[in-house]
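Here is a friendly briefing to read with the model open beside you.

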Amino acid sequence: MKKIGFLSFGHWVASPHSQTRSAADALLQSIELAVAAEELGADGAYVRVHHFARQLASPFPLLAAMGARTKRIELGTAVIDMRYENPFYMAEDAGAADLIATGRLQLGISRGSPEQVIDGFKHFGYVPPEGKTDADMAREHAEVFLELLKGRGFAQPNPRPMFANPPGLLRLEPFSEGLRDRIWWGAATNATSEWAAKLGMNLQSSTLKFDEGGEPFHVQQAKQIQAYRAAWKAAGHTREPRVSVSRSIFALMDDRDRRYFGGGQEEDQIGFIDAGTRAIFGRGYAAEPDVLIKELAEDQAIAEADTLLLTVPNTLGVEYNAHVIESILTHVAPALGWR
């Protein structure tokens, strides 16, 4: 059994061929797709966060709105770039959104991906300390955020406050119990997955990772998940961790599907995130359901994960993306034992 959700980048483009032609379209349709996915029986509605781009960028108002319109479905990010975040303000926003969603947030955070601008985090007021990298800064922000989510008091109260205080040191409010256990780290390497395990974060492994072994993407990703679980066990955590992988999967059910995605077999791709970082990008899947079932059964990383996020082409509109999700839930997932 697997939890199955969607992941949207929230692209918008002012084109007559796009159903999302503005930021308002992308935001409002993200809410509608979460509602539709819940009605179809999907388990999660996740959004990607990119700054300085015509995509979704401010997750907490969106997650709160999605939470107010839904009852059961998990709501999450994959991922929030922690280089840009004030962990104190983020803890307040996350607590508020989680309370509105009645404890359904699943927040993916990470050191971020290649940016639209040069050192965009500096425009937000964040500069790595001397001798540290932006990745170091992201992990430090994450550690502060995780500590704040424990709900322990740390701030000395004013002896003459505007409002009466509870006894002792004060914590940030609103506080949402249990959110600390629903934080995920988006890891592109085996080492960062092991670091996330030690800190008690769940693992999100996307359709890209650093090429660390020259093997097919799904094999490398499965080994990353295994290394994560071994590190989790060694850390002595008492709860069971969760692991998600993301895939582009399209069941070709009709002529519309074939027109959009019936272009032939895809393969893993090799590229460079920067001048010195070789990365492997996982293949997409698009085929008739019977073929799709056989192909997905051989994906070792999907087999290792408990959660599968389907990346959706949000510019094709809510109705079509609901069709994409329903096709997988109805015609593929049961045959693979996911439902």
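In this predicted model, P87, F88, M90, A91 and A94 of α3 meet H141, V144, F145 and L148 of α5. By class, that contact of α3 with α5 divides into eight nonpolar residues, one polar and no charged. The axes of the two helices, α3 and α5, come within 9 Å and cross at roughly 45 degrees.

**How α3 and α5 cross**

- Angles under 35 degrees count as roughly parallel and those from 65 to 115 as roughly perpendicular; α3 and α5, crossing at roughly 45 degrees, are therefore oblique to each other.
- The crossing in which α3 passes α5 is right-handed.

**The α1 and α11 pair**

- Helix α11 covers residues 318–331, and it packs with α1 at an angle of about 30 degrees, the axes being 10 Å apart.
- Under 35 degrees counts as roughly parallel, and α1 and α11 are therefore roughly parallel to each other.
- Here too you can check the hand: the crossing of α1 and α11 is right-handed.
- On the α1 side you will find Q29, E32, L33, A36, A37 and L40, which meet V318, N321, A322, I325, E326 and L329 of α11.
- Sorted by class, the contact of α1 with α11 holds eight nonpolar, two polar and two charged residues.

- Helix α6 (residues 190–198) and helix α7 (residues 217–235) have axes that come within 8 Å and cross at roughly 30 degrees.
- The pair α6 and α7 is therefore roughly parallel, and α6 passes α7 in a right-handed crossing.
- From α6, the residues making the contact are N190, S193, E194, A196, A197 and K198, and from α7 they are Q224, A227, Y228, A231, W232 and A235.
- In the contact of α6 with α7 there are seven nonpolar, three polar and two charged residues.
- Is S193 buried or exposed? This residue of helix α6 has 0% relative accessibility and so counts as buried.
- Which residues does S193 contact once its neighbours within four places in sequence are left aside? The partners are A187, L203, Q224 and Y228.

**What lies under and over α2**

- Several residues of α2 are buried: P59, F60, L62, L63, A64, M66 and G67.
- The cover over those buried α2 residues includes α1 (23–40), β2, β3, α3 (87–100) and β4.

- As background, most residues other than glycine have a negative phi, and most peptide bonds are trans.
- Going from A78 to V79, the peptide bond is cis, with omega near 10 degrees; V79 has its place in strand β3 (residues 74–81).
- Another cis peptide bond runs from E173 to P174, with omega near 0 degrees, and P174 sits in the loop between α5 (134–148) and β5 (183–186).
- F52 is not a glycine, yet it has a positive phi of about 60 degrees.
- You can find F52 in the loop between β2 (44–47) and α2 (59–69), where its relative accessible area of 42% makes F52 partly exposed.
- D119, also a residue other than glycine, has a positive phi near 50 degrees.
- The loop that holds D119 runs between β4 (105–110) and α4 (120–123), and D119 is partly exposed at a relative accessible area of 30%.

**The whole protein**

- Counting secondary structure, the protein has eleven helices and 13 strands.
- The radius of gyration is 20 Å, close to the 20 Å that the globule rule gives for 339 residues, so the protein is as compact as a globular protein of that length.
- Taken along the principal axes, the C-alpha atoms fill a box of roughly 70 × 40 × 40 Å.
- How much of the protein counts as buried? Of its 339 residues, the share is 51%.
- Among contacts between residues at least 6 apart in sequence, 73% join residues at least 24 apart.

How values were computed. Residues numbered from 1 in each chain as written. Predicted model: local features only at pLDDT ≥ 70, side-chain atom pairs only at ≥ 80, totals over all residues. Heavy atoms only, no water. Axes fitted to C-alpha atoms, helices over the stretch in contact; angles between N-to-C directions. Helix = DSSP H or I, 4+ residues; strand = E, 2+ residues; numbered from the N terminus. Parallel < 35°, antiparallel > 145°, perpendicular 65-115°, else oblique. Left-handed = near helix turned anticlockwise from the far one by under 90°. Contact = heavy atoms within 4.5 Å. Nonpolar A, V, L, I, M, F, W, Y, C, P; charged D, E, K, R; others polar. Rg over C-alpha atoms; globule rule 2.2 N^0.38 Å. Buried < 20%, exposed > 50% of the residue type's maximum accessible area, 1.4 Å probe, protein only.
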